[in-house]
Amino acid sequence: MKVWIGGEIVDGAEARLPVTDHGLLYGDGVFEGIRVYGRGVFRLPDHLRRIGVSARAIGLEIPGGLAALEKVVLETARAYGEPEAYLRLIVTRGDGALGVDPTLCTRPRILCIADRVRLYPEEKLGRGIDMVIVSVRRPAADALDPRVKSLNYLNSVLAKREARLRGADEALLLNAQGRVAEASVANVFAVEGGRLRTPPLVDGALGGITRASVLEIAAAEGIDAREESLGRFDLLGADEVFLTGTGARIVPVATLDGEVIGEAGAHPVCGRLSECFDRFVPSRSVPL
Ligand SMILES: Cc1ncc(COP(=O)(O)O)c(C=O)c1O
């Protein structure tokens with residue numbers, strides 16, 4: 001692991017953070033998970049735009065702006081040196097007194113971690129993962145807007161914990177109205193009769209960059225794809241369900257609440273989109 005911290009890049013074990021950082025104390029900050037594929041950073045301008053909007057939404061000024069973040073990401077990825085990597089770009093509120101008041105924090109802190117990531121057991125990726133609907137709900141936008149990619153991920157942590165305790169690989173979160181929002185850190189798609197459906201952001205989904213890529217690929221492939229509110233019934237009745245995310249990439253879901261989705265082990269649309277995604281990646285990557 002390599003870490004960009006305080007203007008230098010160090011080995012993971014050497015990276016140190018003051019305990020007064022409000023990212024640690026209150027989850028006050030924003031982040032991005034970014035992939036390097038074949039020595040190219042996938043959709044870097046989109047990740048920078050999203051972290052910029054998240055920062056603005058919580059009133060966090062990024063030192064040096066997005067140009068500084070771009071430089072940090074590229075330098076960290078180059079120092080890591082592997083053709084494939086997972087980058088975690090973080091901007092915290094910085095150091096401050098005990099107490100939540102962010103106005104007492106004078107300088108936001110930028111960090112970038114480069115490492116590997118694996119969200120699900122390798123052997124599950126072909127067959128599909130097991131997912132359960134958890135009791136934890138996605139909060140409403142007026143409580144904590146799920147479109148802000150903040151460091152406050154306890155909602156996802158608790159959802160994932162419940163899923164793991166119940167023997168599943170992943171959690172599906174509903175919103176307060178019982179509509180499907182997303183998985184703990186991935187967006188959800190349902191395929192029915194060759195048509196793709198994914199919940200709109202107002203139902204509690206993050207505007208995923210992999211999600212946007214799949215919608216773009218589907219349009220180019222002539223697959224009918226649109227945002228639509230979904231319920232548990234829609235997923236159980238689907239031919240296929242799959243998840244998308246920077247960490248997850250495109251992963252089929254084999255079961256929901258123990259029920260097999262579609263025909264066991266058959267994910268033709270998901271498979272086709274994954275192949276298209278592999279071809280799409282180089283066209284949208286910033287070379288290192
Ligand atoms: C809550 C949540 N939803 C969805 C996603 C997927 O978004 P992306 O494809 O941009 O990684 C993430 C990614 O980390 C996430 O944290």
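**The open sheet**

Reader: In what order do the seven strands of the open sheet lie?

Author: The model is predicted, so to speak of local features a pLDDT of at least 70 is needed, while side-chain atom pairs count only at pLDDT 80 or more and totals for chains, interfaces and linings use all residues. Residues are numbered from 1 along each chain as its sequence is written. Strands are DSSP runs of E of at least two residues, helices are runs of H or I of at least four, both numbered from the N terminus, and two strands pair if DSSP finds at least two bridges between them. With antiparallel pairing, the open sheet has the order 2-1-6-5-3-4-16.

Reader: Which are the edge strands?

Author: An edge strand pairs on one side only. That applies to strand 2 (8-11) and strand 16 (285-287).

Reader: What angle does the direction of helix 2 make with that of strand 3?

Author: Helix 2 (residues 44-57) packs on the sheet and touches strand 3 (29-37), strand 4, strand 5 (85-92) and strand 16, a contact being two C-beta atoms, placed from the backbone, within 7 Å. Axes are lines fitted to C-alpha atoms, for helices over the stretch in contact, and angles run from 0 to 180 degrees between N-to-C directions. The angle with strand 3 is about 175 degrees.

Reader: Which element gives the most to the shell around the ligand?

Author: Helix 7 (209-220) and strand 13 (240-245) each supply at least two residues of the shell. The most, three residues, comes from helix 7.

Reader: Why does the distance between the end C-alpha atoms of helix 9 agree with its number of residues?

Author: The expected span is 1.5 Å times one less than the number of residues. Because helix 9 (residues 268-283) has 16 residues, it should span 22 Å, which agrees with its end C-alpha atoms being apart by 24 Å.

Reader: Which residues of helix 9 are buried?

Author: A residue is buried if 20 or more other C-beta atoms, placed from the backbone, lie within 10 Å of its own. The buried residues of helix 9 pack against strand 10 (187-192), helix 7, strand 13 and strand 14. They are V269, C270 and L273.

Conventions. Buried ≥ 20, exposed ≤ 12 C-beta atoms within 10 Å, placed from the backbone.
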